[in-house]
Amino acid sequence: SSTDFSSSTEISESSIRVRQNYYVQVAITCGNGYSVKKVTGPGGGEVSESGGFYTFQVTDADVSIGIEVNEPTKYSVSWTVPEHISNIKVKTSSDGGTTWSADITTSPASVAANDLVVVMVTPETNYEVESVTAGSNDVRFSSENGGYQFTMGSEGVTLSVTPIVTYEVSWTKPTGVTTIVMKTSSSTDFSSSTEISESSIR
């Protein structure tokens with residue numbers, strides 16, 4: 001019945017019942033990049049913000065709270081499909097990877113700052129992806145999300161995908177040989193390479 005909410009309990013339901021002449025204090029938290037534009041209360045009148053809260057009094061009628069938000073500013077993620085790459089598509093997430101957008105197959109994509117971006121690249125047969133960059137930054141592969149993942153900044157970026165050709169190295173284990181194990185490396189230092197025991201590799 002007053003504007004002192006120090007002893008009040010927070011309520012997160014989508015509707016409540018409030019006694020006549022009681023006050024309601026509303027706190028609104030927006031997601032990534034969004035902001036509150038306008039809040040309306042009794043009679044559709046605008047409710048002003050003070051100290052991070054919107055406060056109004058319930059007098060003689062039901063109240064429907066209206067909330068308008070400002071959309072986040074979005075930036076361009078653009079790409080060109082290079083030779084030996086079949087396709088490039090991206091997906092985005094504004095909630096840390098809990099939910100994802102549909103795959104975006106046409107450049108450019110519009111992405112808000114701090115959204116996650118996953119770049120999915122399909123190389124042609126006998127090719128692999130050597131590297132992916134977003135602007136001047138290398139992008140690492142995320143096995144969890146099935147692509148090359150980065151966090152969008154506050155300016156547009158151009159993706160660059162570099163393919164590399166692969167060749168088959170195969171072998172047959174002759175009689176008397178029990179094990180053949182190989183490693184691959186871009187140099188003669190194999191200390192960080194993984195052992196491979198298949199009968200052919202690329």
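How many helices and how many strands does the secondary structure of the protein come to?

1. The protein has 0 helices and 16 strands, where helices (H or I, at least four residues) and strands (E, at least two) are DSSP runs numbered from the N terminus. This is a predicted model, in which local features need pLDDT of at least 70 and side-chain atom pairs count only at pLDDT 80 or more, while totals for chains, interfaces and linings use all residues. Residues are numbered from 1 along each chain as its sequence is written, and side-chain values use heavy atoms, with hydrogens and water left out.

2. On overall shape, the C-alpha trace spans about 95 × 40 × 25 Å along its principal axes. The radius of gyration, taken over C-alpha atoms, is 28 Å, whereas a compact globule of 202 residues would have a value near 17 Å, by the rule of 2.2 Å times the number of residues to the power 0.38.

3. Buried residues, meaning those under 20% relative accessible area with a 1.4 Å probe and protein chains only, make up 24% of the 202 residues.

4. Beyond its neighbours within four places in sequence, Val119 is in contact (heavy atoms within 4.5 Å) with residues including Ile88, Val90, Tyr148, Phe150 and Leu159.

How values were computed. Buried means under 20% relative accessible area, exposed over 50%, partly exposed in between (1.4 Å probe, protein chains only).
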